[in-house]
Amino acid sequence: MHQSKDIDLLLIGKTGNGKSATGNSILMRKVFKTSGNMTSVTKKVDFEVSDFNGRIIKVVDAPGICDNSKEGGEEALDLVVTSLKYAIVSNPKGFHAFIIVIKYGQRFSGEEQTAISNLKKIFGGDSFKQYGILIMTNGDSFEDDAEGTGQTFRDWCREQQGEIRTLLQECDDRIVLFNNTTKDKTVMAKQLAELISVVDNMPTRGARYTDQNFKRAKEERKRLILDTKTPVIEQKTLNEVSLILQKLDTLIDTNDTVSKVEPLQELLERDQRLLNTVIIEDKKTGKLKKLADTVKSVEENLSDELKLTKAWTKRMEEIKRENERLRERDDQAKKLEEERLKLDIEARELALRKEMDENRRRQQAASEELEKKYREIKDSSEDGAVTKIVMGVTKPFRAFGDWLFG
Ligand SMILES: Nc1nc2c(ncn2[C@@H]2O[C@H](COP(=O)(O)OP(=O)(O)OP(=O)(O)O)[C@@H](O)[C@H]2O)c(=O)[nH]1
Ligand SMILES: [Mg+2]
């Protein structure tokens with residue numbers, strides 16, 4: 001047995017099982033708010049202390065754990081984990097025990113089991129074995145049921161089978177029955193004394209569950225949160241993948257390669273963002289690997305299609321450019337030909353003119369020569385000789401000769 005002056009307790013359990021009411025019973029005063037219906041009441045971590053026979057008892061109350069399969073269970077679990085993390089951090093000395101609150105008269109349902117198993121994962125695999133104490137509320141109902149049967153609570157515990165048996169074993173049979181409705185201080189003190197005795201006889205011998213222990217359970221918590229989130233992430237991711245594939249399908253059917261590039265690029269980026277989210281959510285657990293592989297294969301598909309489309313676009317552009325170049329070349333060739341023709345015509349014109357000029361000059365020279373000879377002949381005025389000469393000159397001048405001597 002180990003008796004420490006202070007006793008620090010953390011209340012945990014499914015919502016509505018009576019954690020806050022139990023906290024009030026332990027502190028022997030009404031400090032925590034309790035609920036009258038099934039909706040959870042405790043939304044944040046709260047603590048109070050009481051002095052019981054010189055022992056300072058601190059009780060930390062926190063939000064209860066709900067059924068994760070229900071809508072919003074994922075956020076509710078996040079809230080519980082955050083709250084419990086806060087409860088641990090804000091009590092640096094640590095806790096002597098977790099008070100796992102269960103309710104008498106309620107079938108130990110799957111929901112209850114999940115709640116317990118999730119709590120165990122939050123604190124770490126062997127945390128209940130070392131630090132767990134069960135408090136069964138609704139002790140008043142038990143008294144009613146047991147009345148006249150002679151059955152004690154211990155007897156009842158021994159008779160239990162199945163999951164509740166497992167839980168009891170897990171907590172090394174540390175269980176106390178609490179009636180939270182009693183106003184009788186003696187009853188209150190008796191049940192509290194019993195609880196303190198269980199705490200004093202824990203095998204941990206006064207050791208506390210601290211932040212260090214909580215940190216060690218980090219991986220388990222990560223997995224638990226992911227387990228709860230996985231179906232939601234899967235659904236969301238697959239919806240997005242389906243939308244991406246639908247768009248890709250319509251794009252593949254489009255013949256206009258140029259107009260496809262941008263939407264394909266956008267789709268690829270959208271898929272890459274999705275892949276990133278899945279990888280982040282996986283938190284290196286490998287749980288979302290299959291999902292990530294699916295998104296990755298879509299990425300590869302998109303990437304291939306984009307590469308092909310880009311290559312086609314490039315080739316199309318090259319052909320277009322080639323055509324333009326050809327057309328330009330045609331235009332240029334035509335221009336050159338025209339230029340050449342023009343030059344040719346001009347050269348021919350020039351040559352023609354030159355020839356004509358030369359002809360003219362030649363004709364002029366011939367005419368002058370003729371004139372000169374005519375003068376000479378005329379001056380010598382010898383008959384017959386003139387005719388002879390005139391008959392020897394060119395034809396055009398023969399007419400002139402004819403006229404002159406005719
Ligand atoms: N009859 C009877 N009712 C109890 C007992 N303990 C708790 N209750 C009732 O059970 C209901 C839920 O109790 P709470 O203490 O609010 O439960 P909780 O676990 O703190 O719930 P959350 O804060 O929502 O997680 C309240 O109406 C309590 O009065 C008990 O021993 N006997
Ligand atoms: Mg409460």
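In this predicted model, Asn 118, Lys 121 and Ile 122 of helix α3 meet Glu 220, Arg 221 and Leu 224 of helix α10; residues are in contact if their C-beta atoms, placed from the backbone, lie within 7 Å. The residues of this contact comprise two nonpolar, one polar and three charged. Here Ala, Val, Leu, Ile, Met, Phe, Trp, Tyr, Cys and Pro count as nonpolar, Asp, Glu, Lys and Arg as charged, and the others, Gly among them, as polar.

Residues are numbered from 1 along each chain as its sequence is written, and chains are lettered from A and ligands numbered from 1 in the order in which they are written. Local features need pLDDT of at least 70 and side-chain atom pairs count only at pLDDT 80 or more, whereas totals for chains, interfaces and linings use all residues.

**Helix packing**
- Helix α3 (residues 110–123) and helix α10 (residues 218–253) pack at about 140°, with axes 6 Å apart; axes are lines fitted to C-alpha atoms, for helices over the stretch in contact, and angles run from 0 to 180 degrees between N-to-C directions.
- Helices α3 and α10 are therefore oblique to each other (under 35 degrees is roughly parallel, over 145 roughly antiparallel, 65 to 115 roughly perpendicular, and the rest oblique).

**The sheet**
- The protein has 14 helices and six strands, which are DSSP runs numbered from the N terminus (helices: H or I, at least four residues; strands: E, at least two).
- The six strands form an open, mixed sheet in the order β2-β3-β1-β4-β5-β6; two strands pair if DSSP finds at least two bridges between them.
- Strands β2 (46–52) and β6 (175–177) stand at the edges with a single partner each, so one side of each has no neighbour in the sheet.
- Strand β4 (residues 97–103) is largely enclosed by the rest of the structure, because six of its seven residues are buried (20 or more other C-beta atoms within 10 Å of a residue's own; exposed, 12 or fewer; partly exposed, in between; C-beta atoms are placed from the backbone).
- Strand β1 (residues 6–13) runs parallel to β4 and is joined to it by five bridges, while six bridges join β4 to β5, also in parallel.
- Ile 102 stands opposite Met 136 in β5.

**Confidence**
- The mean pLDDT, the predictor's confidence in each residue from 0 to 100, is 84, and 85% of residues reach 70 or more.
- Residues 384–406 have pLDDT below 50.
- Where pLDDT is low, the predicted coordinates should not be read in detail.

Technical notes. Two residues are in contact if their C-beta atoms, placed from the backbone, lie within 7 Å.
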